[in-house]
Amino acid sequence: MERLGALIKKHRLWLGGLCCALAAAFALAWAGYTLHQAGKNQSEYKIVHDGYEAMQGMYPADPAAGLVQQLPAGEGETLYGVRLMFVTDGRVAQGSFRAALENASGETLTACDGDMTMLLDGAFVDVIFASPVTLEEGGGYQLRVTFAPATAEDKAGLVYGEGEQADPAMPLTDAAGASAPGRTAALQYITNYTGTGYALRAFAPLAVLVFAAVMGGWWLIFVRRAKAHVSFAFFAAALGLVFALVTPPLGGPDEYGHLASAYALANRVTGQPGVTTGENGETLLAMRECDAEYMRDSSGPIGILAYKTMTDELFSTGNGSALTATAEVSPPYNVLALQYLPQMLGILLARALGLGFHAMLLLARLASVAAYAALGALAVRLAPAHKNIFFAAGLLPMGLSLAGSVSADTLVNGLALVFTALCLRGILCKNVLGRGEQAGLLVLAALLGPMKAIYLVLVVLCLPIPAAALGGKVRSRAFKALLCAAAAAGWLWFNGSTVSYMLRSVDVERIQFVLLRLVPAAALAVVAWLRWGKRAWFKKAALAVGALAVAALAGAMFWVGANSGMTLTPEEYAASIKPNGESTYVYSFGYILSHIPQTVKLLVNTLGSQMPRYLQGLVGALPGEPIVYGLEISWLLTIALLALLVWACLRPVEEGPLLSRGARWSMGLAVLGVAALSMLAALCWTPINLTTIFGMQGRYLLPVLPAALLLLAEGRTLCLRRSTDGALRLSAGALAAAVALQSLVLFASAAYKP
């Protein structure tokens, strides 16, 4: 036993790698088996003729000659088979049947041979051809159905419609010439079909990629002893690619709208037509012919067939770059054009190469992944301490899935990581911050607010940076004032319309009247300060007067807001209810201030009932668009991800606290401020008759998650006896890979088609 123990200790690194490989292989085998079971023999149908009466059947005079159904002219679609409704005279027929697809000259193109026992009386039956056929545009085709009954009593025919229920261009005839005219069979085209092996064939390259990501991360961390930012860049790039392949087209959060915005930006940059308004007020976007078929104003379909459509079209080439078509899309989002820069570059590259829609979407996603991986790696490298916090927060499945889709949040999350790391670097810096670091703080502070209004509060993270790190008190005050001014100016310039909407029911003119009257008072106060400001009695009096003035001003504004909210009569309230049960009136500042008990009740009910879902959304346990799909990762993985975040906050017992009280207060204020603004923004879109806030999602808190974890790390309630950096970083990548695999299974197993 001692010899065995010594042998294990000597080779424990490679034994650990073997265990990691076996665990990854087991997870991949489980995912592949589940995917195979969910994805085999799945079909997608297109109704060709549905005018028929149940059980009204046409039997062939000669079963060997059968029935012939003329098909409409081809439109270039691929036909995997047909669905026909059979009749069997109320019994289970014995024998065999054959359905052959023929061209106009009667030549057989493909066929299906089946057992007559599978024909259920009065029910549609899938008839899958031996090989799919593309129906050429304008070509004539017909379907010949023949039977070989075991006995004379075994008979089968087709359900049909006649008269007004028939299509004269699609006659159903008896091949033996004994049928009456004016009949058409109930018919559907099978336009997509997975068969029994598609799921595993499509999963194989993804499985190789996931295995390479996990084992490559293990090799970097434990064999090469790579630095944290190198390991992060590898995991983010590899797993971001996995999420880009796992998320169905237009399946990310609001991806359809973000893709339209990035597409419109690409049009504008190249001087091509962009967004126009249709006759009925719809938003139309100029695009290529190959893109117009798939662009939509809603989340895309999910299910195994959505993946098959993507893989079938992924390598299509030879598409023109001319914008000769239009599609109805979501109005472009009011965000900085910079947020769509990576995705725009991917779109332009796909156009230049003549790639199709799905390849274009994948390139846009890959550009997004590259940007996020670079920003996250930069944040991990810049962080002077607590690198595990930035590592774990950046590798959460939520951040990776957003990066692996077309989303405006990709750059927001990445830049927020860098900004927080720079602020922490300044707080813990013992020397003067370099010019590049100061410029980075200034630029990021000016960008985060315009990118998303609720993240303006992040600017308080730079306030605890000591004066010594910025070159002295005077330079420090000037720099922080400039930084706050840049952030506020960018925020007001880009979010003015949003603020106006939220203040729509407030008597703004009355507030402006009060504020304008304060200008002379402020001027007199400045003159008085210059005259008597150095005297002790004046300072005390000025402080008291200022406090009273602020209290009076706040009370006056509160009174104005509380008395300018709308008050609805029961008749007005009843008339505001839409067919979906929601009111046309939504919360606003005025309504909130005039209905405080109702608002408090709404907030308490929301936090009490929705907090678990917010945690799921924060870590990425709600794949895709949660409002539309309603998919959930298992709670075992959710709890593991939450435990990972707590683990990232733990440090060896000998390390003391790093942050000052001011830094901790600033981080707490940033976290609470963003959370409160998120709730307020969602509240201002919530109908007044709902019992929970509409549209609030946990992913909105991703940019302040590192700050919240830094506060938790400073608590020092739990400590480690030794460093576990390698195990934690590998666990972060492995958990993200596990969530990606389960997301794939959930997407493939679900059914949603807009």
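## Two loop residues

Select H386, which is found in the loop between α9 (357-382) and α10 (387-394). The model is a predicted one. The phi angle of H386 is near 55°, a positive value in a residue other than glycine. Is H386 buried or exposed? With a relative accessibility of 9%, H386 counts as buried because the cut-off for that class is under 20%.

Next select N41, in the loop between α2 and β1 (43-49). Phi of N41 is also positive, near 55°, and N41 is not a glycine. The relative accessibility of N41 is 39%, so N41 counts as partly exposed.

Move to helix α2 and select L15, L18 and L22. These three residues make a nonpolar surface patch of about 270 Å². L18 is found in helix α2 and is partly exposed, with a relative accessible area of 47%.

Now select W14 and W218. What kind of aromatic pair do W14 and W218 form? By the aromatic rule the count comes to eight pairs. W14 and W218 form an edge-to-face pair, with 5.8 Å from centre to centre and 65° between the planes. The two residues link distant parts of the chain: W14 is in helix α2 (residues 12-39) and W218 is in helix α3 (residues 198-223), 204 residues apart. W14 is exposed, at a relative accessible area of 51%, whereas W218 is buried, at 8%.

Go on to Y629 and F747. The ring centres of Y629 and F747 are 6.1 Å apart and the planes are at 90°, so this pair is edge-to-face. Y629 lies in helix α20 (residues 626-629) and F747 in helix α24 (residues 725-749), so the pair ties together parts that are 118 residues apart in sequence. Both Y629 and F747 are buried.

For a group of rings, select F86, F97 and F147, which form one aromatic cluster.

## Charges over rings

Two arginines come next. Select R83 with Y45: R83 lies over the face of Y45, at 4.0 Å from the ring centre. Then select R351 with Y263, where the charged end of R351 sits over the ring, 4.4 Å from the centre of Y263.

## Salt bridges

Side chains of opposite charge can pair when their charged atoms come close. How many salt bridges does the structure hold? The total is 18 salt bridges.

Select E162 and R183. These residues form a salt bridge, with the closest N and O atoms 3.7 Å apart. E162 lies in strand β9 (residues 157-162) and R183 in strand β11 (residues 183-185), so the pair ties together parts that are 21 residues apart in sequence. E162 counts as partly exposed at 36% relative accessibility, while R183 counts as buried at 18%.

Select D725 and R729 in helix α24. The closest N and O atoms of this salt bridge are 4.0 Å apart. D725 and R729 are four residues apart in helix α24, so about one helical turn separates them. At 30% relative accessibility D725 counts as partly exposed, and R729 is buried at a relative accessible area of 12%.

Then select R699 and D409, whose side chains meet in a salt bridge of 2.7 Å, N to O.

Together, D254, D409, K452 and R699 are linked in a network of salt bridges.

## Last stop: helix α12

Keep D409 in view and select helix α12 (residues 409-428). At 1.5 Å a residue, the 20 residues of α12 should span 28 Å, and the end C-alpha atoms are 28 Å apart, which agrees. How many of the 20 residues of α12 are buried? The count is 18 of the 20, so α12 is largely enclosed by the rest of the structure.

Terms used:
Residues are numbered from 1 along each chain as its sequence is written. This is a predicted model: local features need pLDDT of at least 70, side-chain atom pairs count only at pLDDT 80 or more; totals for chains, interfaces and linings use all residues. Side-chain values use heavy atoms; hydrogens and water are left out. Rings of Phe, Tyr and Trp (its six-membered ring) pair if their centres lie within 6.5 Å; planes under 30 degrees apart count as stacked, over 60 as edge-to-face and the rest as tilted. Buried means under 20% relative accessible area, exposed over 50%, partly exposed in between (1.4 Å probe, protein chains only). A charge sits over a ring if NZ of Lys or CZ of Arg is within 6 Å of the ring centre and within 35 degrees of the ring normal. Patches are made of residues with over 30% relative accessible area and no salt bridge: like charges are joined within 9 Å, nonpolar side chains (Val, Leu, Ile, Met, Phe, Trp, Tyr) within 5 Å. Accessible areas come from the Shrake-Rupley method with a 1.4 Å probe; for residues, only the protein chains shown count as cover. The expected span of a helix is 1.5 Å times one less than its number of residues.
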